[in-house]
2 protein chains.
Amino acid sequence: MYIAIDPSSGVPIYMQIVSQIKTGIAMGRLLPEDPLPSVRQLAVELSVNPNTVARAYLDLEYEGVIYKRQGAGTFVSGQGVEMSKNERRKVLSELIEKALVEGVNLGLDEVELRETFERVLDKIISSRQAEAVGK
Amino acid sequence: MYIAIDPSSGVPIYMQIVSQIKTGIAMGRLLPEDPLPSVRQLAVELSVNPNTVARAYLDLEYEGVIYKRQGAGTFVSGQGVEMSKNERRKVLSELIEKALVEGVNLGLDEVELRETFERVLDKIISSRQAEAVGK
DNA sequence: GGTACTGTATTAGTGGCCTAGTACAGTGAG
DNA sequence: CTCACTGTACTAGGCCACTAATACAGTACC
């Protein structure tokens with residue numbers, strides 16, 4: 001699990017860590033029960049304070065996608081996220097609406113919106129399948 | 001064009017204004033050449049400093065969705081956005097990927113992702129059509 | 001039990017985002 | 001030309017997000 005940080009991007013470091021780990025999980029590169037690098041180890045790799053990594057892990061734990069065990073380490077949780085189906089759909093809806101509103105304002109039409117969606121979805125699905133058979 | 005601000009939401013006021021105007025345009029509630037409320041007028045309505053509204057309008061102008069004329073006012077621009085098709089698709093792809101990564105981490109499956117997408121897309125499309133015939 | 005690893009807590013400082021006050025400048029109608 | 005409206009520039013301050021230093025606490029394994 002390689003993580004690349006761009007300190008000059010304006011996006012907070014801990015958020016970059018969060019989103020890359022989330023992407024790794026969604027793509028199937030990180031599977032349930034896989035260990036994440038320790039707070040210190042990743043901190044050294046990224047030349048960052050351990051607390052910054054801990055902050056990222058805290059967010060991820062709060063969202064239920066990882067769990068921690070003192071002394072042992074941090075791991076990807078299998079199907080965490082304690083939310084009702086409706087809540088999940090609402091969260092997803094809002095993110096998709098944000099994307100589509102942006103797309104429409106960019107002048108893209110219905111066909112292009114659909115195409116883009118399918119392309120991204122396929123990328124995720126096929127990545128997950130590839131990782132699943134690889135292990 | 002009613003705009004509702006929640007000062008305690010944590011989201012900066014100017015961003016709330018930006019996203020609501022973007023949504024209004026995408027939904028077809030605001031059509032090209034429609035005037036936006038003046039900086040001062042909207043500032044009074046929202047009990048906010050005129051500069052805060054101006055900050056929002058600055059962002060929107062930078063993105064090309066509105067244009068301003070000194071002394072005259074601010075208007076919705078018809079199909080602004082000077083970007084190549086590829087750039088637009090890239091912006092959209094990143095937003096959709098973000099949404100889908102979130103969806104997958106929430107434990108939603110491919111069918112649910114598709115359903116949610118279609119529902120949101122239909123909402124936008126039908127809203128635009130309704131507004132178009134209404135005017 | 002000690003050693004070396006995990007994550008955690010506390011504190012603090014810097015930077016910059018966000019908002020506001022206030023004064024300036026352009027435009028259009030009468 | 002003047003008035004009343006537009007948006008703009010400049011300044012400044014408060015608040016908090018973000019990161020870091022450093023010390024503490026739990027776990028595993030020899």
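In strand E3 of chain A, A:Thr74 is the bridge partner of A:Lys68. Helices (H or I, at least four residues) and strands (E, at least two) are DSSP runs, numbered from the N terminus. The model is predicted: local features need pLDDT of at least 70, side-chain atom pairs count only at pLDDT 80 or more, and totals for chains, interfaces and linings use all residues. Residues are numbered from 1 along each chain as its sequence is written, while chains are lettered from A and ligands numbered from 1 in the order in which they are written.

Start with the sheet of chain A. E2(A) and E3(A) run antiparallel and are joined by 4 bridges. Two strands pair if DSSP finds at least two bridges between them. The open sheet has 3 strands in the order E1-E3-E2, with antiparallel pairing. Its edge strands are E1 (35-36) and E2 (66-69) of chain A, and each pairs on one side only. H3(A) lies across E2 and E3 of chain A, at about 115 degrees to E2(A). Axes here are lines fitted to C-alpha atoms, for helices over the stretch in contact, and angles run from 0 to 180 degrees between N-to-C directions. Contact between two residues means that their C-beta atoms, placed from the backbone, lie within 7 Å.

Now look at the loop between H2 and H3 of chain A, which holds A:Ser47. Phi of A:Ser47 is near 55 degrees, a positive value in a residue other than glycine. A:Ser47 counts as exposed because it has 8 C-beta neighbours inside 10 Å. The cut-offs are 20 or more other C-beta atoms within 10 Å for buried, 12 or fewer for exposed, and partly exposed in between, with C-beta atoms placed from the backbone. In chain B, B:Ser47 lies in the loop between H2 and H3. Phi of B:Ser47 is near 55 degrees, also positive in a residue other than glycine.

How do the two chains relate?

The contact takes 35 residues from chain B and 35 residues from chain A. On the side of chain B that touches chain A, H1, H4 (85-105) and H5 (110-134) of chain B each supply at least two residues. H4(B) gives the most, with 16 residues. By class, this side of chain B has 21 nonpolar, 7 polar and 7 charged residues. Ala, Val, Leu, Ile, Met, Phe, Trp, Tyr, Cys and Pro count as nonpolar, Asp, Glu, Lys and Arg as charged, and the others, Gly among them, as polar.

Turn to the DNA. A residue is near a molecule or strand if its C-beta atom, placed from the backbone, lies within 6 Å of it. H3(B) gives the most to the surface near DNA strand C, with 4 residues. That surface has 9 nonpolar, 12 polar and 3 charged residues.

DNA strand D has 24 residues around it, and A:Ile13, A:Asn49, A:Gly71, B:Ser38 and B:Val39 come nearest. H3(A) gives the most to the surface near DNA strand D, with 4 residues.
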